[in-house]
Amino acid sequence: MDAGLALAVPSCAVSAGVLAVTLLLAEIARRLVNRITEQGSLLSQLLHEVVAAGELCACCFELCVIADNYGVWVYAVCLWALTVWWGTRWGSATACPYIHYEDVVEGNTDVVTALLKTAAQLGGGFAIYNYIQYIWELELAETHIDKADEDCVADLHVTMFQGAGIEGAATCVARVASRIISQREIPLGNYIDAFVGTSMVIAAFDLTGGYLNPILASSLKYDCEGNTFEEHVIVYWVGATLGAIASIYLANHPTIQKLLGKPKAD
């Protein structure tokens, strides 16, 4: 597309439009899934995971544009707002595999179901790449010019084990907070949960990219220059998953529960 049009349209407006259209398309897809599948069935759950993962990854591709051009704090505000929205729209879908691995550890699901949901999430996360590439190729904004042809560079700026520790610790903090908020039904919990998660992303942003989600990390950064396959898996899959599993025990540890006091009675 002619660069003149890109220059004539405010780039921030185009990015906002990309996010809005993506949310709208995902909402349409969810309604379609609800119409063609039995609610609560495994097929329905898998398709909802595909949609949620695609929505998450597409939005985060565009959030990277926002971060590069408007700074990490604008990125943070957008991510927080999107996280709040997703908390109201996704239902039981998570777009994040370690949630299901937590369920396996706690006996709430089986390994096969967890792996099927992981596969569905990977499918949604990788399938969305062509969608975002098409949008960038239109070059509707100055910030999209040549974006589709830009080389992919890894975000890991520390050693592999340091990165795994950072992703694991940040994920653990976010998941502990999420568990406590859920257990205690804290008022405005969705907003607080989103704030804690976003804060952990920002804390790790300059070190590992702060993905805190294996699907998101793989969709955006798998096979990018600067990371080996081993580094990617150890940092973004093993690190984050171990952090999530650790959160089960930390959130329920007697010391933590004692510090928080008894939950309010219904």
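Begin by selecting Asp68 and Lys147, whose side chains form a salt bridge with the closest N and O atoms 3.7 Å apart. This pair connects distant parts of the chain: Asp68 belongs to helix H3, whereas Lys147 lies in the loop between helix H6 (111–138) and helix H7 (160–184), 79 residues apart. Please bear in mind throughout that the model is predicted. Colour the two residues by accessibility and the partners separate into two classes. Asp68 has a relative accessible area of 58% and is exposed, because exposed means over 50%. Lys147, at 11% relative accessibility, counts as buried because the limit for that class is under 20%.

**Second stop: Arg175 and Glu102**

Next, select Arg175 together with Glu102. Their side chains meet in a salt bridge, at 2.8 Å from N to O. Here too distant parts of the chain are linked, with Arg175 in helix H7 and Glu102 in helix H5 (residues 97–105), 73 residues apart. Are these two residues buried or exposed? Both Arg175 and Glu102 are buried.

Now move to Glu55 and Arg30, whose side chains form a salt bridge of 2.8 Å, N to O. The pair joins Glu55 in helix H3 (residues 42–70) to Arg30 in helix H2, 25 residues apart and in distant parts of the chain. Glu55 is buried, as is Arg30.

Over the model, the count comes to ten salt bridges.

Switch to a surface display and select Val21, Leu24, Leu25 and Ile28. These residues form a nonpolar patch on the surface, and their accessible area together is about 360 Å².

Return to a cartoon display and show H3 with H4. At what angle do H3 and H4 pack? The angle is about 160°, and the axes are 8 Å apart. H3 and H4 are therefore roughly antiparallel to each other. The crossing in which H3 passes H4 is right-handed.

Select helix H9 (residues 214–221) and helix H10 (residues 229–251), which pack at an angle of about 160° with their axes 9 Å apart. H9 is therefore roughly antiparallel to H10. Viewed along the line between them, H9 passes H10 in a right-handed crossing.

**Last stop: Gly91**

Finally, select Gly91, which is found in the loop between helix H4 (72–89) and H5. Gly91 is exposed, because its relative accessible area of 70% lies over the 50% limit. How far apart are Gly91 and Gly239 in sequence and in space? They are 148 residues apart in sequence, and the C-alpha to C-alpha distance is 26 Å.

Methods: Residues are numbered from 1 along each chain as its sequence is written. This is a predicted model: local features need pLDDT of at least 70, side-chain atom pairs count only at pLDDT 80 or more; totals for chains, interfaces and linings use all residues. Side-chain values use heavy atoms; hydrogens and water are left out. Patches are made of residues with over 30% relative accessible area and no salt bridge: like charges are joined within 9 Å, nonpolar side chains (Val, Leu, Ile, Met, Phe, Trp, Tyr) within 5 Å. Accessible areas come from the Shrake-Rupley method with a 1.4 Å probe; for residues, only the protein chains shown count as cover. A salt bridge is a side-chain nitrogen of Lys or Arg within 4 Å of a carboxyl oxygen of Asp or Glu. Axes are lines fitted to C-alpha atoms, for helices over the stretch in contact, and angles run from 0 to 180 degrees between N-to-C directions. Helices (H or I, at least four residues) and strands (E, at least two) are DSSP runs, numbered from the N terminus. Angles under 35 degrees count as roughly parallel, over 145 as roughly antiparallel, 65 to 115 as roughly perpendicular and the rest as oblique. A crossing is left-handed if the near helix is turned anticlockwise from the far one by less than a right angle, and right-handed if clockwise. Buried means under 20% relative accessible area, exposed over 50%, partly exposed in between (1.4 Å probe, protein chains only).
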